[in-house]
Amino acid sequence: MKRLVLIILTVLLLTPGIHQAYAGGPPPKNVVKGVFTTIDTKTMDASIKVDGHDGVRVLHLGEGMTVDDIPMDKKVLVSLDTHAGPNVIKDVSVMFMDMTVTKIIAFLIIGLIGGLLSGFIGSGGAFVLTPAMMSLGAPGAVAVASNMCHKFPKAMVGAYKRWKYGQADIKLGLVMAVTAIIGVQVGIKIQKFILDHWGNAGSNLYVSVVFVFVLVVVGAYVLMDAIKLSKGSAEEKTPVLAMKLQRINLWPMMEFKVAKLRISAWITIPVGLLTGMLAATIAVGGFIGVPGMIYVIGASALVSSATELVVAFIMGAWGSVQWGISGLIDIRMTLLILAGSLIGVQLGALGTTYVKDYTIKLVMSAVMLIVAVSRGAKIPGYLSDLNLIAALNDKLGVALNSVSFWALMVALAVAGIIITVAMIKGMVQARAEENAAGVVQQH
Amino acid sequence: MIQNETHQAQLHVNSTKESSAVGRSKATSTSTATQTAYTPKKPVGKMVFFGALSLGAYLLLFSKETLVTQTYTLGGWHAAFPVLTAFLFSFVHGAFASNFLTVLGLEAKSSH
């Protein structure tokens, strides 16, 4: 409990000092949030009551927009077309979608499976939740913000459970989180540089290429390792690289008791920084943080995935405060996903006590590789946006988009199935062992 | 899951951590704990309590949907609303979820 309080205090202390940065990308700058009050059909001007300001701001409808595109008396996000002038509207999206029963059920199910994955491998969920929210009608920034706000309570509950099982290394988690937060700042700087030089399409392309490259390389490596271990051809031992790095006796040395290792801060800090940089770029820091802790620092998959939940909690809490300050969190979506994911995350966490270390690696690599396919399917679109290849025809565009979306669903389903099967097997085996032990005791 | 054992006697050996064992008087102690018939009580009451509390909170929030979404997205210090609400729900609903899984018989593998 003391440790949890320590974490919360650290988060609170860190928050004001680093309010310039945002986990998972900054809230958009050229966006106005508020409610349209009046519209002048002659001049094509619309007045909007902007959140946090008393007066109204007059915006001009952009090219091709009609009066019907302006929803009245609803909270909206207005993107401005800065190239056309300071107050020209590019597009308007309604911030709060209407909740229907179907949407509620969808959120509950996605939350449940996303939580299961998160409790099991320490990360995951964000990569599927954000696109899912967007396809159900939420604007991108609101989806990212609402996801972030659901991530930290979920990770907190998961981290607590896995700490109770003796798996989470709080100290390692804290070190990783603090360095990752610094890494996020660096990542954002790089993102901004690319955005300024190559625009939105260039930025999308950069993000996707990094995403696919990292996920394929790391995912394939983890998968190979998992397969080797599952065949029993290799013993589960500290990876060679980590062993070598642990031998480097460079001050300051850090001791991690739960992870049972001692390693120089000069190794730990770069891993955290890189995780943060990638988190800012591809929004799934866990996919690099967990393999980093396993193969570079030398913690077991069980400890790494549990520790990642500590990292996710701290980074998520800090990110949520940022997004909250921007006023972009749709609490309804956050809480609906949370309803499922708080069950899922605890189920996933208890599931880890029944499985072997390699099962965690297997699930993680499967998810990484399928998610890479999902993002890879978007690359041709970005390439044609930059005129690097010929424009895609409509059919191909639609097909690639649906490949991208369904790959995510497949990733979720595959992960859900592997986890469930492994967990049931483990439980049945544990029960048989218990019964056998019981029989021995009675005699 | 594992409720069909009859009677168990457990020996706990409480050793201190290896790294700090030197020079401590509190070295190794042995305690005996006798468990009567191992039939864990299912926390049905707790589950119902937290479930009702959680459901109530959800219903309250969704019945005031417009007010809530407007206030929570004003930005600035209003950030405290969504963050604290998420915290609160994670405790209440998290407690429900935990008890719910226990009632279903899904528990972590016991480590003995």
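These are my notebook entries on a predicted model.

**Chain A overall**

I started with the secondary structure of chain A. I found 13 helices and seven strands. Next came burial. Chain A has 443 residues, and 54% of them are buried. I then looked up the contacts in chain A with a separation of 6 or more. Of these, 72% join residues 24 or more positions apart. The accessible surface of chain A is about 19,500 Å². Carbon and sulfur atoms hold 65% of that surface.

**The sheet**

I traced an open sheet of five strands in chain A. Its order reads E3-E2-E1-E4-E5, and the pairing is antiparallel. Which strands form the edges? They are E3 (56–60) and E5 (89–94) of chain A, each pairing on one side only. From one strand to the next, the twist averages 45°. I took a look at one pairing in detail. Strand E2(A), residues 45–50, runs antiparallel to E3(A) over five bridges. Ser47(A) has Val58(A) in E3(A) as its bridge partner.

**Gly45 in chain B**

I moved to chain B and picked Gly45(B). It lies in helix H1 of chain B, residues 44–63. Is Gly45(B) buried or exposed? Its relative accessible area is 52%, so I noted Gly45(B) as exposed. I also checked its distance to Val103(B), 58 residues away along the chain. The two C-alpha atoms are 10.0 Å apart.

**Aromatic pairs**

I counted 12 aromatic pairs over all chains. In one of them, Phe405(A) and Trp406(A), the ring centres are 5.5 Å apart. Their planes meet at 85°, so I logged the pair as edge-to-face. Phe405(A) is partly exposed at 24% relative accessible area, whereas Trp406(A) is exposed at 53%.

I then turned to Trp77(B) and Phe81(B). Their ring centres are 5.9 Å apart, and the planes lie at 45°. Trp77(B) is exposed, with 64% relative accessibility. Phe81(B) is partly exposed, at 30%.

Ring pairs link Phe152(A) and Phe313(A) with Phe87(B) and Phe91(B).

**Charges over rings**

Last, I looked up two charged ends that sit over rings in chain A. The charged end of Lys171(A) sits over the ring of Phe256(A), 5.5 Å from the ring centre. The charged end of Arg375(A) sits over the ring of Phe211(A), at 4.3 Å from the centre.

Note on methods. Residues numbered from 1 in each chain as written. Chains lettered and ligands numbered in written order. Predicted model: local features only at pLDDT ≥ 70, side-chain atom pairs only at ≥ 80, totals over all residues. Heavy atoms only, no water. Helix = DSSP H or I, 4+ residues; strand = E, 2+ residues; numbered from the N terminus. Buried < 20%, exposed > 50% of the residue type's maximum accessible area, 1.4 Å probe, protein only. Contact = heavy atoms within 4.5 Å. Areas by Shrake-Rupley, 256 points an atom, 1.4 Å probe, with all protein chains shown as cover. Pairing = 2+ DSSP bridges. Axes fitted to C-alpha atoms, helices over the stretch in contact; angles between N-to-C directions. Phe/Tyr/Trp six-rings, centres within 6.5 Å; stacked < 30°, edge-to-face > 60°. Lys NZ or Arg CZ within 6 Å of the ring centre and 35° of its normal.
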